[in-house]
Amino acid sequence: MMNLPTSDMIESCSIAGPGFINVKLSTQWIAKRIQNMLRDGIDTWAPRLSVKRAIVDFSSPNIAKEKHVGHLGSTIIGDTIARMLEYSKVDVLRRNHVGDWGTQDIGELERFDGDDEFKERARKAVVAL
């Protein structure tokens with residue numbers, strides 16, 4: 001972390017365990033940005049980005065498994081990134097990726113092994129996806 005460039009925005013950084021870094025924003029930097037926003041208007045606060053269009057792919061729950069609150073994390077992060085880009089006048093294409101369908105119940109499908117009509121309907125359904 002000693003190699004990180006200095007920034008008026010960052011007050012400090014610390015390691016918070018394997019794979020995690022805490023970044024503390026400077027209260028002076030935040031206060032100055034809020035003052036500028038109040039003085040100049042909220043529309044002037046958004047950064048000007050060189051990107052005109054972006055795709056944000058988020059979520060990835062495994063639909064073959066039971067859902068829980070942990071599945072919301074990437075959805076919230078993805079939505080936040082999309083909103084921040086839209087606020088900065090970027091045309092955002094949102095894609096909610098449905099994760100691995102899994103093979104948890106593959107044994108159940110074996111009973112359809114001899115059903116040619118079912119196989120054809122299933123093939124057409126997959127192609128339609």
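Tutor: Buried means under 20% relative accessible area, exposed means over 50%, and partly exposed lies in between (1.4 Å probe, protein chains only). The model is predicted, so local features need pLDDT of at least 70 and side-chain atom pairs count only at pLDDT 80 or more, while totals for chains, interfaces and linings use all residues. Residues are numbered from 1 along each chain as its sequence is written, and side-chain values use heavy atoms, with hydrogens and water left out.

Gly78, Ala82 and Leu85 are the buried residues of α2. They lie on the same side of the helix, because they cover an arc of only 65° around its axis (the arc is that of the directions from the helix axis to the C-beta atoms). In general, an α-helix has 3.6 residues a turn, so residues three or four places apart point the same way. On the other side of α2, the exposed residues are Ile76, Ile77, Arg83 and Met84.

Arg83 has 54% relative accessibility and therefore counts as exposed. Its side chain meets that of Asp79 in a salt bridge, 2.8 Å from N to O (a side-chain nitrogen of Lys or Arg within 4 Å of a carboxyl oxygen of Asp or Glu). Both residues belong to α2 and sit 4 residues apart, about one turn of the helix. Asp79 is partly exposed, at 23% relative accessible area.

Further along, Glu86 forms a salt bridge with Arg94, with 3.0 Å between the closest N and O atoms. Glu86 is partly exposed at 35%, and Arg94 is partly exposed at 30%. Through salt bridges that share partners, Asp79, Arg83, Glu86 and Arg94 are joined into one network. The whole structure has 8 salt bridges.

After α2 comes Lys89, in the loop between α2 and β4 (91-97). Most residues other than glycine have a negative phi. Lys89 is exposed, with a relative accessible area of 65%.

Definitions and conventions: Helices (H or I, at least four residues) and strands (E, at least two) are DSSP runs, numbered from the N terminus.
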